[in-house]
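Please open the model in your viewer and keep the sequence panel beside it. The tour below moves from one selection to the next and says what is to be found at each stop.

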Amino acid sequence: MDLDSIECVSSSDGMDEDEIQHHSLHPHPHHHSAFSSAKPRNGGTNNNIMGPTAIAPATSVHELLECPVCTNSMYPPIHQCHNGHTLCSTCKTRVHNRCPTCRQELGDIRCLALEKVAESLELPCKYFSLGCPEIFPYYSKLKHEAVCNFRPYNCPYAGSECAVVGDIPFLVAHLRDDHKVDMHTGCTFNHRYVKSNPREVENATWMLTVFHCFGQYFCLHFEAFQLGMAPVYMAFLRFMGDENEARNYSYSLEVGANGRKLIWEGTPRSVRDSHRKVRDSHDGLIIQRNMALFFSGGDRKELKLRVTGRIWKEQQNPDAGVCIPNVCS
């Protein structure tokens, strides 16, 4: 698809439309990893989580449990060579049965003593510097860290395989400065998508726009891709935060012309779910190409879609026990 020919005209919260010509919607991929500051996400300190009995990650015992090859924590089975050097089971196959420290043959010796020591340890989550206050038995720590709410987020940009991770403020700045994503303030939007040759459809992201409202950030995706043999256009919203926070918000998308319209309402998905996962679950407004061309009018040789929408926060009514929408003005 010739993405250079796409024009997007955007407005939000009653502002006049701004003509925006996207010369390239696929900036150079960012294959480096970045991370935000180590300040706790909630802005507070964690004075109560590191008591005198807790073991900090930098202790010598923790270092003993660090694999010398991959530097990750080792879990059973922990292997050792005849000289007592240890490494994890994953790396044992990578070093071709040779100790990476002394180059002696490894064999199949388990370091049962170190495995027993690990059972007695309680360690803070590795995301403690980002605000996680939890302390876990050694063998429970890994399971928690895979789903920890304080773990960093992946970059939500879908136009490249970007490896940058960080907290939300860091990623917002990264999207703005590195991916040149459009930023808007407000909870209503009005976008027009123009494509000179809509017959050329391939798996490609067309546009990502970030909206800031209710003190949160939302990613609006619009793209074209093949659904089976049929080309379709899809718009959906992702919440820049965790899933339990995303459930506090709802959004609607609407597209139409010539007396017809399609309307989608739903809950934004968390950016914890990858762009591809959301897209492939069809959790958004899907427009078949024939319908999109009908909405475009004219001779059906040019795509001209206007997508409008709004975001609102669901408020709990304590008297009725139901949610009522809170729409920003």
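A charge is taken to sit over a ring if NZ of Lys or CZ of Arg is within 6 Å of the ring centre and within 35 degrees of the ring normal. With that in mind, select Arg 279 and Phe 225 to begin: the charged end of Arg 279 sits over the ring of Phe 225, 4.5 Å from its centre. Then move to Tyr 153, where Arg 272 lies over the face of the ring, at 3.8 Å from the ring centre.

**Ground rules and confidence**

This is a predicted model, in which local features need pLDDT of at least 70 and side-chain atom pairs count only at pLDDT 80 or more, whereas totals for chains, interfaces and linings use all residues. Residues are numbered from 1 along each chain as its sequence is written, and side-chain values use heavy atoms, with hydrogens and water left out.

Colour the chain by pLDDT, the predictor's confidence in each residue, from 0 to 100. The chain averages 77, and 73% of the residues score at least 70. Helices (H or I, at least four residues) and strands (E, at least two) are DSSP runs numbered from the N terminus, and the chain has 8 helices and 20 strands. Confidence is lowest in strand E2 (residues 18-21), at a mean of 34, and highest in strand E17 (residues 269-270), at 96. Now select residues 1-58, over which pLDDT stays under 50, although the model has 148 contacts beyond four places in sequence for them; a contact means heavy atoms within 4.5 Å. Where pLDDT is low, the predicted coordinates should not be read in detail.

Select next the open sheet of 3 strands, with the order E4-E3-E5 and antiparallel pairing; two strands pair if DSSP finds at least two bridges between them. Strand E4 (86-88) and strand E5 (109-110) stand at the edges with a single partner strand each, so one side of each is left without a neighbour in the sheet. Strand E3 (residues 78-80) pairs with E5 over 2 bridges in the antiparallel sense, and His 79 can be seen opposite Arg 110 in E5.

**Backbone exceptions**

Most residues other than glycine have a negative phi, and most peptide bonds are trans. Follow the loop between helix H1 (60-64) and E3, where Pro 77 is placed, and inspect the cis peptide bond that joins Pro 76 and Pro 77, with omega about 0 degrees. The loop between H1 and E3 also holds Thr 71, whose phi is near 65 degrees, a positive value in a residue other than glycine. For accessibility, buried means under 20% relative accessible area, exposed over 50% and partly exposed in between (1.4 Å probe, protein chains only); Thr 71, at 48%, counts as partly exposed. A further stop is His 282, in the loop between helix H7 (275-280) and strand E18 (285-288), which has a positive phi of about 60 degrees and, at 35% relative accessibility, counts as partly exposed.

**Aromatic pairs**

Show the rings of Phe, Tyr and Trp (its six-membered ring), which pair if their centres lie within 6.5 Å, with planes under 30 degrees apart counted as stacked, over 60 as edge-to-face and the rest as tilted. A search of the whole structure finds 9 such pairs. One of them is the edge-to-face pair of Tyr 138 and Tyr 139, at 5.4 Å centre to centre and 80 degrees between the planes; Tyr 138 is buried at 1% relative accessibility, whereas Tyr 139 is partly exposed at 30%. Then select Phe 214, Phe 218, Phe 239 and Tyr 249, which ring pairs link into a cluster.

**The interior**

Finish with the nonpolar cores, each a set of buried Ala, Val, Leu, Ile, Met, Phe, Trp, Tyr and Cys residues joined through side-chain atoms within 4.5 Å. Which residues have the most contacts inside the largest core? They are Leu 253, Leu 305 and Ile 311, in a core of 32 residues. Among the elements that each supply at least two residues of this core are strand E11 (188-195), helix H8 (289-296) and strand E19 (303-317), while the largest share, 7 residues, comes from E14. Apart from this core lies another, of 18 residues, among them Leu 87, Leu 106, Leu 114 and Leu 123.

Beyond its neighbours within four places in sequence, Thr 209 is in contact with residues including Val 181, Asp 182, His 191 and Phe 218.
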